[in-house]
Structure formats: C-alpha cells, structure tokens
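Hi everyone, thanks for making time for this one. Let me put the model up on the screen, and then I'll walk you through it.

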Amino acid sequence: MTTYGFIGLGSMGAAMAKRLATRCVERGDRLVVWNRSRVREAAVLAEGASAARDPADLVAVSDVVVVMLPDLPQLLELTDGPAKLLSRVQSPTALVICSSVAPAGARAFADHATE
C-alpha cells in the first residue's frame with residue numbers, strides 16, 4: 001500500500017485530489033490531505049481520503065507528497081516556516097510540485113530540500 005499526501009486544495013488541487021482519492025480507494029492505497037482552509041477538505045474526504053492535523057504530520061506518513069500551491073514562496077513557507085515540513089520526512093519520500101514554479105526555481109528548491 002502506498003500512502004499519498006496532498007497539500008493545497010484550491011481550484012485545481014481539489015479536483016486533482018478528488019481524482020487521486022478515487023484511484024487510491026480502487027487500488028487499496030491511502031490518501032491523506034491537508035489544506036490551510038479546512039472547509040476545502042470535505043469534498044476530498046467524501047471520496048475516501050483522510051485529513052492530516054497539519055502538513056508535517058502528512059509528510060511523516062506519506063510515500064509521495066503532491067503539493068499544489070500557487071508558487072514557490074508558499075512552498076518555502078511550508079518547508080522553512082513554522083510548519084517545518086521537511087523536518088518530519090521519515091523515509092525516502094517523493095515530492096511532486098505541481099505549482100507554477102519556473103524550472104530554475106524548482107531546481108533551486110530541489111537543492112535546498114536535499115540539504
């Protein structure tokens with residue numbers, strides 16, 4: 001069983017997470033979601049996902065984390081701000097950034113995250 005985490009349930013993220021939740025149920029996998037506005041989680045939870053208490057808890061249990069945030073500053077706020085997202089990684093975890101980040105910014109973030 002693979003555990004997927006999904007952060008960012010805005011206009012695009014919610015639709016993506018709902019589809020992923022459906023596929024997880026079909027395959028016997030698990031989807032854990034977190035969104036700053038908890039109201040946005042309801043539609044995804046109805047498809048079989050569960051909610052994390054905070055983004056760091058989501059990362060601690062996930063094999064793959066999908067992030068759908070507006071841009072790199074919001075991602076950096078999660079990883080380097082009070083949530084300390086990267087500090088909770090327990091095992092090799094794939095981080096999938098679906099945000100509108102320039103390729104150079106994504107590469108710079110990858111270097112930062114591996115440190």
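Let me begin with a definition: two strands count as paired if DSSP finds at least two bridges between them. Strands here are DSSP runs of E with at least two residues, and helices are runs of H or I with at least four, numbered from the N terminus. Before going further, please keep in mind that this is a predicted model, where local features need pLDDT of at least 70, side-chain atom pairs count only at pLDDT 80 or more, and totals for chains, interfaces and linings use all residues. Residues are numbered from 1 along each chain as its sequence is written, and side-chain values use heavy atoms, with hydrogens and water left out.

So, to the sheet. Strand β4, residues 64-67, pairs with strand β5, residues 94-97, in the parallel sense, over four bridges. Within that pairing, V65 has L95 of β5 as its bridge partner. Getting from β4 to β5, the chain passes through helix α4, residues 72-80, and this β-α-β crossover is right-handed. By right-handed I mean that, with the strands pointing away from the viewer, the path from the first strand over the helix to the second runs clockwise.

β4 also pairs with strand β1, residues 3-7, again parallel and over four bridges. There, F6 has V66 of β4 as its bridge partner.

What about the two faces of β4: covered or open? Both are covered, with V64 and V66 buried on one side and V65 and V67 buried on the other. Buried means under 20% relative accessible area, exposed means over 50%, and partly exposed is in between, using a 1.4 Å probe and protein chains only.

Now have a look at helix α1, residues 11-27. Its 17 residues should span 24 Å at 1.5 Å a residue, and its end C-alpha atoms are 25 Å apart, which agrees. The expected span is 1.5 Å times one less than the number of residues. Which residues of α1 are buried? They are G13, A14, A17, L20, A21 and C24. These sit on the same side of α1, because they cover an arc of only 130° around the axis; the arc is that of the directions from the helix axis to the C-beta atoms. The face turned away from that buried side carries the exposed residues S11, M12, R19 and E26.

C24 brings me to the cysteines. The structure holds zero disulfides, a disulfide being a pair of cysteine sulfur atoms within 2.5 Å. For C24, the nearest cysteine sulfur is that of C98, 14 Å away. C24 is buried at 3% relative accessible area, while C98 is partly exposed at 27%.

Last topic: charges. Side chains of opposite charge can pair when their charged atoms come close. How many salt bridges does a search of the whole structure find? Four, where a salt bridge is a side-chain nitrogen of Lys or Arg within 4 Å of a carboxyl oxygen of Asp or Glu.

Let me show you some of them. R27 and D29 meet at 3.3 Å, N to O; R27 is exposed at 56%, and D29 is buried at 14%. R53 and D57 meet at 2.6 Å, N to O, with R53 exposed at 65% and D57 buried at 15%. Then E41 and R38 have their closest N and O atoms 3.1 Å apart. Here E41 is buried at 3%, and R38 is partly exposed at 40%.
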